[in-house]
Amino acid sequence: MNGRTWPYRRRGCQAFSRRLARLAVQVCAVAVIAVPPGARAAQAQGDVPAIAFEDRSDRLHLPDRDGVRRPFTGEAFALVIGDMGGRPLPDLYLNHHHRWIPAAATFPDAHVILDPGHANGPTGWQTLTAWDQHGAVLIDIDGDGDRDIVEASGGNLAEATWEHRDRTSNRVFRNTPDGFIDENIAAELGLSHELGRTYAVTALHLGGRLGLIFGVLPRPDTRYPTALYVQQDDGSFAPEPERFRVGHRTGMVASIATYRLAIPGFFDDDDTIDLILSQNAWPPHTVLFRGTPDGYFITTGEDLMPSWPTDGVAVPGVAAAPDRVWLTQRNRRLAPWYDTVLVCCTDTAATGWQPFDGPAPGAASYGVTRGDFDNDMDVDVMSLVQDDSGGWGLIFWENDGAGRFRAHRLPHGGAAAPIGITSGDLDLDGTLDLVIGDAGGTERSSYTLLMGRAPAGNWLQIDLRDPWSLDGLGARIRVTAGGQVQTLGQTGGGHWAAQDHVRLHVGLGRQDQVALEVSWPDGTTTRHATAANRLVTLTHPGVSAD
């Protein structure tokens, strides 16, 4: 095993079983949590109905510095759904961008909210100290089996100088069985990357090593740009710009300095993760880097689209087809639509535009997330948009099963400007939920929690466990039910100012039996079978059962 050589506790079958106690039923390669019948979505009768959400933002009323729970009215930024406490229900990390905004100054800098989807509301809280917080990801930095927080920070564009480095450093909070340690360890890990203005963190599995791309809005002086940091044998990180090449594996090094947005996905015909990078400097530029099994990325430099996307996610193609990329735009002058589906990037199919089914709404798009929101066996898209009054709204892009999307405006919104959106099943009822962050300044909370309620289709949720303690990052899963194949990738969930839950959600419609094939990043393939309406854990054979 390369890159993570120190002793660490792996999340094997038995260890995971102890955490879940009576809820988990373990076998060697598959751990299953069967959801109680009362929590299941009903079997579909006829067409699956339109999706619906219940606003439960009261669950995100946060303790202020006096310990009083009330709506947070500052500027909400990083939104992360993930496992932070070792229980089946996912947790939530929220940070609050600028502490010097008056509305935010009375709150701690960031909150960990345990079990926000619990029937009685959150089961616990923890506050953390930061400064100028931007995007964040949850990933196991030290290989101990507990996911740590890596948070991107940054000073004002081109104004931050060396004496501001403490305020502009990235932050890493180590997770332990007793909670997060409120002490920044970014410097000792080599991850400070201070004085950049970082907005997104992208986690990558690079041939057995963890890689982190910090996407930076370029400074006019070109200093402290976007960079890839790769974990070394001693557990620290170092920049490795040579992993990006032009033309072939030994071609000249390709600079990624001005690419703010990195979108991982399986964009060609192999099972190796690729990257689409979007430039945030003139001229606008979006380019594909094809991944190699040993963790390098090769580009021809071809411009896929002259635009400055705000956010982007990989959307699975139909059946076993490669992923497409969904990009959101604030400015239509640089792209055909505010929401753009870009078809790429196989050798046999030309790059092009995937048409929408019906007219695309004319709303400037900010954050985006994806998932099978209606549980009908295809992946939909949810985009966070700005309405005519400057507030935020939601557009549900319904996938018709053939890869075309129809827009539906949902009856939810707020008066403040949009920032980010993330998705995950917070209450483990088989429907995806949404957390939305906005720019604050209103009497309502800057965080909105929308709990999914309507879909009637069956479902399956998948956790992955691997020898690298990276939640199966870089794996590809083929799900077969009723003769239909869905292909999903574990791409880490990170995007603009947010991270979706890395737990994979699969809609199954009326199907109740599922066959699964996992292509792990090291080339191992495993096969499994399970019933619908449950959470399963698929384990790489290299994970020890201690």
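How many helices and how many strands does the chain have? The chain has 4 helices and 43 strands, where helices (H or I, at least four residues) and strands (E, at least two) are DSSP runs numbered from the N terminus.

Colleagues, a word on the basis of these values. This is a predicted model, in which local features need pLDDT of at least 70 and side-chain atom pairs count only at pLDDT 80 or more, while totals for chains, interfaces and linings use all residues. Residues are numbered from 1 along each chain as its sequence is written, and side-chain values use heavy atoms, with hydrogens and water left out.

I begin with the chain as a whole. Of its 546 residues, 63% count as buried; buried means under 20% relative accessible area, exposed over 50%, and partly exposed in between, with a 1.4 Å probe and protein chains only. The chain exposes about 19400 Å², of which carbon and sulfur atoms supply 51%; the areas come from the Shrake-Rupley method with a 1.4 Å probe, and for residues only the protein chains shown count as cover. Among contacts with a separation of 6 or more, 58% are between residues 24 or more positions apart, a contact being heavy atoms within 4.5 Å.

Strand β11 (residues 148-153) is joined to β12 by 3 bridges, and isoleucine 149 has phenylalanine 173 in β12 as its bridge partner.

I turn to the salt bridges. The structure holds 20 of them, each a side-chain nitrogen of Lys or Arg within 4 Å of a carboxyl oxygen of Asp or Glu. In one of them, arginine 290 meets aspartate 268 at 3.3 Å, N to O. Arginine 290 lies in strand β22 (residues 286-291) and aspartate 268 in the loop between β20 (259-265) and β21 (274-279), so this pair ties together parts 22 residues apart in sequence. Arginine 290 is partly exposed at 27%, whereas aspartate 268 is buried at 8%.

The loop between β20 and β21 also holds aspartate 271, which is linked to arginine 478 in strand β36 (residues 476-481), 207 residues apart. Aspartate 271 is partly exposed, at 30% relative accessibility.

A further pair is aspartate 429 and arginine 453, at 3.8 Å, N to O. Aspartate 429 is buried, with 15% relative accessible area, and arginine 453 is partly exposed, with 37%. Salt bridges that share partners join Glu54, Asp427, Asp429 and Arg453 into one network.

Finally, the backbone. Most residues other than glycine have a negative phi. Which phi does leucine 428 have? Its phi is positive, about 55°, although it is not a glycine. Leucine 428 is in the loop between β32 (418-424) and β33 (433-438) and is buried, with a relative accessible area of 9%. Asparagine 375 likewise has a positive phi of about 55°. Its place is in the loop between β28 (364-371) and β29 (380-386), and asparagine 375 counts as buried at 0% relative accessibility.

Note on methods: Pairing = 2+ DSSP bridges.
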